Amino acid sequence: MWDSEIRAMASAHAIIASSVFMATVVPAVLVENFSVYRTHLVWLYSVCGAVAAVNVAVFGLLGVSPPAKKHTLHHKVSRLVKSCLHFLLFLSCSSSAVVVLYGALFWSKSTLETFSLSVLLSTLTTLRCLCVLGPNVQAWIRVFSRDGAMSVWDTSLQITAGCSVVGAWLGAFPIPLDWDRPWQVWPISCTLGATVGFLTGLVAAPVWIHWHRKQLTYKSK
């Protein structure tokens, strides 16, 4: 069981990671003068769209999320609306956190850039939680509490979300340095750091779980 779940996770993560690559390559072919630096927001939203679409498709096909108790159209629509509201709520919280933690001036000429960073962080973290856990706040709190993981997918959420946030945080360090590099413009280094952190988490999660599978004991709670 462990090996099959880890293989399924590794395959899913490989597909999701490839979406980031495709989101960089395809616009470079279709958009004139496309560059991660010069047309950064185009690249950022391309990554967000690709990662969102692939996450929803992959986790929907795998059936990882908890089964719905009701299969009526009303219940499905209600679940979708709740998921959208959760995403927007985290997006608002993420925007506020970016302002406080990174010293960004939200009501300034960098408003769009700050908001875009929040969109990326929300896509890399919240969307995966919605795909795996659904719009269940109690499940989210449980997963991100100590020893709260109940499955390998819960553990993967902890690792990928943590790596994404830490990557964005580390990406902020070069911004104030007097290097005069194009990637030091806000928030390029943060978005690149978050993306690299996310990709690192996708690789690290199945490897870490496989390495520690004998120590991991998931219990129903």
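1. Helices here are DSSP runs of H or I with at least four residues, numbered from the N terminus. In those terms, N33 sits in the loop between α1 and α2. The model is predicted, and the points below should be read with that in mind.

2. Overall make-up. The chain has 7 helices and 0 strands, and from the N terminus on its elements run α-α-α-α-α-α-α. Of its 221 residues, 43% count as buried. Among contacts between residues at least 6 apart in sequence, 72% join residues at least 24 apart.

3. Backbone at N33. Phi of N33 is near 60°, which is a positive value in a residue other than glycine. With a relative accessible area of 54%, N33 is exposed, because the cut-off for that class is over 50%.

4. Backbone at D180. A second case of positive phi is D180, at about 55°, and this residue is not a glycine either. D180 belongs to the loop between α6 and α7. Its relative accessibility is 70%, so D180 counts as exposed.

5. Cis peptide. The loop between α6 and α7 (188-211) also holds P187. The peptide bond that leads from W186 to P187 is cis, and its omega is near -5°.

6. Packing of α4 and α6. Helix α4 (residues 111-133) packs with helix α6 (residues 152-171) at an angle of about 170°, and the two axes are 9 Å apart. Angles over 145 degrees count as roughly antiparallel, and α4 and α6 are therefore roughly antiparallel to each other. On the α4 side the contact is made by L121, L124, T125, R128, C129, V132 and L133. On the α6 side the contributors are W153, D154, S156, L157, T160, A161, S164, V165 and A168.

7. H13 is part of helix α1. Its relative accessible area is 2%, so H13 is buried; the limit for this class is under 20%. Leaving out residues up to four places away in sequence, H13 touches R128, S156, T160, L202, A205 and P206. Of these, R128 is also listed in the α4 side of the contact with α6, and S156 and T160 are listed in the α6 side.

8. V166. This residue is found in helix α6. At a relative accessible area of 43%, V166 is partly exposed. The C-alpha atoms of V166 and A194 are separated by 7.3 Å, while the two residues are 28 residues apart along the chain.

9. Nonpolar surface patch. F21, M22, V25, V26, V29, L30, V31 and V42 form a nonpolar patch on the surface, and together they have about 730 Å² of accessible area. Helix α1 (residues 2-30) provides the largest share of this patch, 6 residues. V42, another member of the patch, is placed in helix α2 (residues 40-62). V42 has 41% relative accessibility and so counts as partly exposed. Patch membership asks for over 30% relative accessible area.

Methods. Residues are numbered from 1 along each chain as its sequence is written. This is a predicted model: local features need pLDDT of at least 70, side-chain atom pairs count only at pLDDT 80 or more; totals for chains, interfaces and linings use all residues. Side-chain values use heavy atoms; hydrogens and water are left out. Patches are made of residues with over 30% relative accessible area and no salt bridge: like charges are joined within 9 Å, nonpolar side chains (Val, Leu, Ile, Met, Phe, Trp, Tyr) within 5 Å. Accessible areas come from the Shrake-Rupley method with a 1.4 Å probe; for residues, only the protein chains shown count as cover. A salt bridge is a side-chain nitrogen of Lys or Arg within 4 Å of a carboxyl oxygen of Asp or Glu. Helices (H or I, at least four residues) and strands (E, at least two) are DSSP runs, numbered from the N terminus. Buried means under 20% relative accessible area, exposed over 50%, partly exposed in between (1.4 Å probe, protein chains only). Axes are lines fitted to C-alpha atoms, for helices over the stretch in contact, and angles run from 0 to 180 degrees between N-to-C directions. Angles under 35 degrees count as roughly parallel, over 145 as roughly antiparallel, 65 to 115 as roughly perpendicular and the rest as oblique. Contact means heavy atoms within 4.5 Å.
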